Amino acid sequence: MTEQDGAARPPNAPPVPSHPLYVPEADEVVWAGRFPVQRVRFRYRKRDGTLSGPLTWELLRRGQGTVILPWDPVTDRIALIEQFRLPALAAGEEPLMTELPAGLVEAGEDPAETARRELREETGLDCARMERIGVFLLMQGSADERVHFQLAQVSLAEDPSRPGGLASENEETVVRVVDTAEAFAMVAENRIRNAPAALALLWLQVNHARLRDEWTR
């Protein structure tokens, strides 16, 4: 679908915002599915002030997402999840990926509330406390998705006993509880192939001593 077709532009695929470095020439929506795709023809202003040659990029509009790291500071354990991922299989990876609970932020929803909702849906766990890790772009070469990372305090004195995920979305997530030290080792040894999970765990490794002191007083 393009604007030339006369169809209304989807609200989740607005034109790229203006910027002193960005010189647009064309911006059209070529796919208006759940995650729209825009074809953008543009130039950008280089460091010496001259314009680049013309570029044409496909831009995937995914909006905002959230990733949650469920950690129990008392038992010092982490809840990871495993679920089937078709793109991983397409990339030649093991499709049953080890990762963290995650989801898309609905329009008008606070990312922290998204995190609490997704945590409950995918693990059955409730969050007693939350700390913001940061906001990151994961695929800045092709997608606009901004992901809000959160650390969630949960109780893992007992392992969650049921699969998670929404049946309405044919989603099944299996919770895997590991010691924090083991999770850090999984990242160091590249046994976690999921970038958001690795990034969140590395952040926790840096802040582990401080947070364990603060959250177990």
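**Close-up views of a predicted model**

**View 1. The largest pocket holds about 1700 Å³ of space.** Of the 44 residues that line this pocket, F35, R62, R85, L104 and E145 are the closest to its centre. Several elements each supply at least two residues of the lining: strand 4, strand 5, helix 1 (86–90), strand 6, strand 7 (102–104), helix 2 (111–123) and helix 4. Empty space of this kind is found by rolling a probe the size of a water molecule over the atoms.

**View 2. Helix 3 spans residues 180–188 and has buried and exposed residues.** T180, A183, F184, M186 and V187 are buried in helix 3. Seen down the helix axis, these buried residues fall within an arc of 155 degrees, so they line one face of helix 3. A181 and A188 are on the other side of the helix and are exposed. Which elements cover the buried residues of helix 3? The cover includes strand 4 (64–72), strand 5 (77–84), strand 6 (96–99), strand 10 (174–179) and helix 4 (195–215). Just after helix 3 comes N190, with a positive phi of about 60 degrees.

**View 3. Three strands form an open sheet in the order 1-2-3.** The pairing in this sheet is antiparallel. Strand 1 (22–31) and strand 3 (55–60) stand at the edges; each has a single partner strand, so one side of each is left without a neighbour in the sheet. On average, neighbouring strands of the sheet are turned by 25 degrees against each other, direction ignored. In general, strands of a sheet pair through backbone hydrogen bonds, either parallel or antiparallel.

**View 4. Strand 2 (residues 37–44) pairs with strand 3 over six bridges.** The two strands pair in the antiparallel sense. One of the residues to look for is V37, whose bridge partner in strand 3 is L60.

**View 5. V74 lies in the loop between strand 4 and strand 5.** Is V74 buried or exposed? The relative accessible area of V74 is 59%, and a residue counts as exposed when this value is over 50%, so V74 is exposed. Leaving aside residues up to four places away in sequence, V74 touches R212 and T216. E113 is 39 residues from V74 along the chain, and the C-alpha atoms of the two are separated by 24 Å.

How values were computed
Residues numbered from 1 in each chain as written. Predicted model: local features only at pLDDT ≥ 70, side-chain atom pairs only at ≥ 80, totals over all residues. Heavy atoms only, no water. Buried < 20%, exposed > 50% of the residue type's maximum accessible area, 1.4 Å probe, protein only. Helix = DSSP H or I, 4+ residues; strand = E, 2+ residues; numbered from the N terminus. Arc of directions from axis to C-beta. Contact = heavy atoms within 4.5 Å. Pairing = 2+ DSSP bridges. Axes fitted to C-alpha atoms, helices over the stretch in contact; angles between N-to-C directions. 1 Å grid on protein atoms, 1.4 Å probe; cavity = no way out; pocket = protein on both sides within 12 Å on 5 of 7 lines; lining within 4 Å. Points joined across faces, edges and corners; volume = space filled by probe spheres on them.
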